[in-house]
Amino acid sequence: MSTFVFRRIAGVLPLLFIITLISYAMMGLAPGGPTALMVHEARAVSPAERQHLMALLGLDKPWYVRYFYWLGALVLRGNLGYSYVDNRPVIAKIVEKLPVTIELIGLSLIVTLLVSIPIGVTAARYRNSLFDHVSSLISFAGYGIPVFWLGMLLIDAFALHLRWLPAAGIASLGHEHDPIDNLRHMVLPVVTLSFVSLASWIRYQRGAMLNVLSESYIRTARSKGLAERTVIYRHALRNALMPTITLLGLSLPSLVGGAYFLEYVFSLPGMGYLGINSVFTRDYPTVMGITLLSAILVVFGNLTADIGYALVDPRVRYD
Amino acid sequence: MREGGFTTLPALVRMFALSAALALAVGGCVPAGANRDPETLVAVESADATSFNPLFTNDTQSTIVQSLVLEPLVSFAPGFKPIPWLAASWQGTPDGMHWDVRLRRGVHWSDGAPFTSKDVVWTWKTMLDPATGFLYQGQFAYVKDVRADGPYAVHFDLSAPNATFITYALNAPILPEHVLGAIPDAQQRSTSFGQHPIGTGPYLLQSWQHDDRLVLVRNSHWWHGDVSIPRIEMRIVLNDQARVEAMEDGSADFYDGANSSDYLSLKRDAPYLRFVHVPTLYAGMIYLNEHVPGLDDNRVRQAMLYGWDRKDMIDGLFHGDDLIGTGILTPALADWYDPHVKQYRYDPQRANALLDEAGWHRGSDSIRVKDGRRLAFELMMPNGNVLGQDEAAEFQADMRALGIAISVEQLDFSTYLDRTNTSKFEMALGSWGGAVDPDQYTFLACSQTPPAGNNSMFYCNKRVDHDLVMGLRTVNESKRRAYYDDMQRVTAENLPVLWGTFGYYRAVFSPRVVVDTRSLSPDQYAWLNIWHWRLGP
């Protein structure tokens with residue numbers, strides 16, 4: 001088992017290298033650049049002075065040279081660099097934004113689990129019923145709707161028209177330490193992110209439950225005369241949940257990606273908001289820091305799922 | 001494992017739903033403006049500052065917060081008239097080549113160190129050293145030498161007279177030599193000064209949560225005297241609607257730089273607030289690349305301006321709350337702005353006649369053609385600007401009626417700036433301004449076309465060139481005015497750009513802020529006299 005885990009972790013490093021290299025290349029080849037924005041309110045800055053500024057920041061070198069400087073600083077000193085926008089360490093900028101992103105993803109996961117598992121179980125239990133068809137419809141709607149679009153629709157309905165919930169931010173002025181106020185602000189983004197995640201979770205839970213319900217020990221339990229509720233929740237669900245739990249790791253990419261877009265739509269000052277703004281301002285060190293962290297999250301999410309599978313399912317071989 | 005653990009799942013779901021509903025209900029009942037600190041002015045801002053270090057920033061928000069903590073030698077009275085600040089007085093030689101500046105005595109940095117000529121000389125030497133990477137180094141390249149003449153006097157030698165010396169050079173914030181002087185210029189960028197500033201100004205930085213809030217507290221040892229408002233909390237509220245709500249429910253006191261729709265909706269829904277709008281230093285315009293055939297003909301440029309119904313656009317998009325642009329200088333520079341230049345009121349007949357005269361005649365699809373070339377241009381603009389999109393659409397429709405085809409290309413802001421700065425455009429929707437001096441040398445002079453400067457339109461007029469050069473060299477204000485009057489007259493005839501609108505700087509105050517709104521300066525200068533503001537009950 002330990003060899004299996006070690007081999008998988010060793011495989012992660014080249015993957016992270018390729019992800020960061022491609023990201024850096026795409027950024028380096030994109031039109032515009034950090035100095036365009038640095039000087040845009042100082043239009044008296046001549047192109048020659050801009051060139052000098054680029055040289056000072058090392059931006060006069062080709063992107064691949066800059067990439068290896070960046071990688072060298074990361075590997076040798078653990079330094080993600082300094083932001084071009086405010087000259088602060090990138091790691092400090094990311095760390096201060098992380099709690100908002102973790103709150104959004106964490107709450108969405110909780111909501112998704114609490115909603116999708118009962119729906120998936122019920123849909124499997126009453127297969128081909130109206131409930132099953134409606135839940136399938138909701139699932140496919142979740143698959144199809146882009147997360148930012150749903151977010152905007154919900155803002156329009158619940159914040160602008162009905163005025164039930166705040167449209168943006170994580171707290172009202174004067175209520176910065178009020179958890180209830182914070183929860184109110186998180187309702188729309190969490191509902192949005194959960195809705196698009198629900199689709200896969202409901203389908204997965206339904207499938208797992210159907211598999212378990214066809215097992216012989218379920219027939220045995222029923223033949224012993226146990227109540228259907230006991231059969232479902234005590235015998236079937238526990239086994240149907242095991243593979244579903246491993247889905248947690250696999251769902252991280254879509255959750256992280258969705259959260260990034262939603263932070264922008266709902267003006268939540270999290271990592272995604274910082275990342276998107278950094279792309280607009282061509283703040284390369286910050287973009288790379290966020291890309292690396294997101295890649296690590298996603299890659300290790302997948303790794304956890306793989307290891308989880310291996311632990312849960314004896315048919316998965318370690319060699 | 002405990003038996004029956006999963007039987008509680010539905011109960012959990014019910015509990016979650018209940019707590020969410022409770023959160024909605026309870027949260028909705030708390031008045032947002034309650035529990036306000038009576039000694040704190042809360043301002044809502046749409047963006048955060050980036051740093052307190054003026055050597056490496058030029059964004060509006062950073063300029064604002066820097067002005068509350070750091071101070072220049074010369075500040076501005078309303079109308080942007082220079083007044084002594086850290087400088088007690090200044091005196092120039094008649095040729096404008098040498099300046100003596102006497103410094104104010106008894107000024108201390110917020111850490112207790114005295115402010116002296118060492119600070120001024122160090123700040124200037126660092127700004128002028130190319131290794132520092134100061135953004136405006138080239139703008140001040142005419143400053144040849146700066147030296148101390150005792151602890152409270154500084155002498156400046158210039159390589160050429162420059163009329164902007166007082167308004168720009170002496171308005172640069174002074175930095176503490178005793179804090180930063182030991183650090184090599186090439187490493188100034190990586191100091192923590194930008195996040196932990198030491199200043200001589202009326203406020204001190206207390207705390208800063210980026211993209212959330214920045215708190216400043218009164219500097220009780222400020223040389224100028226007492227500051228009335230003990231604490232300023234700048235709240236970064238990214239969403240327009242949330243800023244409006246904060247003003248409506250009393251949780252904020254000052255909406256700095258409100259956009260026109262927020263301003264008008266607050267005026268309608270919350271008339272108890274105080275509203276101020278003053279002309280901004282920025283002018284909206286369309287850049288024209290004169291290297292593009294068609295745009296090199298002034299008759300075509302004039303026809304476009306005659307055929308662009310800007311009043312209709314202002315009425316429709318800005319609810320009539322903007323002015324028609326008449327030139328490169330805005331009414332915010334009241335001492336220099338000349339309203340009596342050639343005006344271009346909407347006149348499609350005149351526009352069509354000018355295009356006919358220029359030899360552009362309507363083709364089969366009603367788009368004008370000359371020598372086999374269609375009168376068609378690409379209008380570049382930054383994306384994400386909804387108002388700008390509407391503006392571009394109105395311009396496009398007006399031009400179509402004249403027989404000019406306009407295709408709109410939206411680009412992300414960085415790419416847009418890159419292409420504007422390198423003249424890779426035909427027409428570009430944008431703005432220009434922010435300066436408190438009428439000098440437009442880098443924008444309009446023939447020698448300032450890329451790659452040398454910022455005249456990305458390739459505009460070149462010898463008379464304007466003469467005005468610009470003489471305006472920059474002439475220190476005497478009344479003589480100087482004649483050059484800029486002429487520059488405005490000529491550019492109004494021979495259009496370097498299409499004037500769009502003169503906007504307003506808009507601010508909204510809660511009733512408890514006591515401020516003389518008549519003397520409020522626009523844009524980043526709105527906070528200029530904050531020590532005069534008071535908080536009422």
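**A loop residue and its surroundings**

Guide: Let us begin with A:N87, which sits in the loop of chain A between helix 4 (63-77) and helix 5 (90-125). Please keep in mind that everything here comes from a predicted model. The backbone of A:N87 is worth a look, as its phi is positive, about 60°, although the residue is not a glycine. Is A:N87 buried or exposed? A residue counts as buried when 20 or more other C-beta atoms lie within 10 Å of its own. A:N87 has 20 other C-beta atoms within 10 Å, so it is buried.

Chain A has twelve helices and zero strands, and its pattern along the sequence is accordingly α-α-α-α-α-α-α-α-α-α-α-α. Its C-alpha trace spans about 85 × 55 × 35 Å along the principal axes. Of the 319 residues in chain A, 40% are buried. Among the contacts of chain A with a separation of 6 or more, 73% are between residues 24 or more positions apart.

You will find B:H319 in the loop between helix 9 (310-317) and strand 13 (323-324) of chain B. Its surroundings put it in another class: B:H319 has 14 C-beta neighbours inside 10 Å, so it counts as partly exposed.

What does the rest of chain B look like? Chain B contains 15 helices and 22 strands. Its radius of gyration is 27 Å, close to the 24 Å that the globule rule gives for 537 residues, so chain B is as compact as a globular protein of that length. The C-alpha atoms of chain B fill a box of roughly 85 × 80 × 50 Å along the principal axes, and 46% of the 537 residues count as buried. For contacts in chain B between residues at least 6 apart in sequence, the share joining residues at least 24 apart is 68%.

To see that burial in one element, turn to helix 2 (residues 60-69) of chain B. Eight of its ten residues are buried, so helix 2 is largely enclosed by the rest of the structure. Among the buried ones are B:I64, B:V65, B:L68 and B:V69, together with B:Q61 and B:Q66. The cover over the buried residues of helix 2 includes strand 1 (40-45), strand 8 (203-209) and strand 9 (213-218) of chain B.

In strand 12 (residues 274-288) of chain B, twelve of the 15 residues are buried. Strand 12 has antiparallel partners: ten bridges link it to strand 20 (residues 497-509) of chain B, and seven link it to strand 19 (residues 427-433) of chain B. To place these pairings on screen, find B:A283 opposite B:F502 of strand 20 and B:Y282 opposite B:G433 of strand 19. In a regular strand, the side chains alternate between the two faces of the sheet.

Elsewhere in chain B, four strands form an open antiparallel sheet in the order 4-5-7-6. Its edges are strand 4 (87-92) and strand 6 (143-148) of chain B, each of which pairs on one side only. From one strand to the next, the twist averages 15°. Inside the sheet, strand 5 (residues 98-103) and strand 7 (residues 153-158) of chain B pair antiparallel over five bridges, with B:R102 standing opposite B:A153. Helix 3 (residues 117-128) of chain B packs on this sheet and touches strand 5, strand 6 and strand 7; its direction makes about 155° with that of strand 6.

Finally, a helix pair. Two packed helices are described by the angle between their axes and the distance between the axes. For helix 8 (residues 298-307) and helix 11 (residues 386-402) of chain B, the axes come within 9 Å and cross at roughly 115°. This crossing is right-handed. Helix 8 contributes B:A303, B:M304 and B:G307 to the contact, and helix 11 contributes B:D398, B:M399 and B:L402. By class, the contact has four nonpolar residues, one polar and one charged.

Notes:
Residues numbered from 1 in each chain as written. Chains lettered and ligands numbered in written order. Predicted model: local features only at pLDDT ≥ 70, side-chain atom pairs only at ≥ 80, totals over all residues. Helix = DSSP H or I, 4+ residues; strand = E, 2+ residues; numbered from the N terminus. Pairing = 2+ DSSP bridges. Contact = placed C-beta atoms within 7 Å. Rg over C-alpha atoms; globule rule 2.2 N^0.38 Å. Axes fitted to C-alpha atoms, helices over the stretch in contact; angles between N-to-C directions. Left-handed = near helix turned anticlockwise from the far one by under 90°. Nonpolar A, V, L, I, M, F, W, Y, C, P; charged D, E, K, R; others polar.
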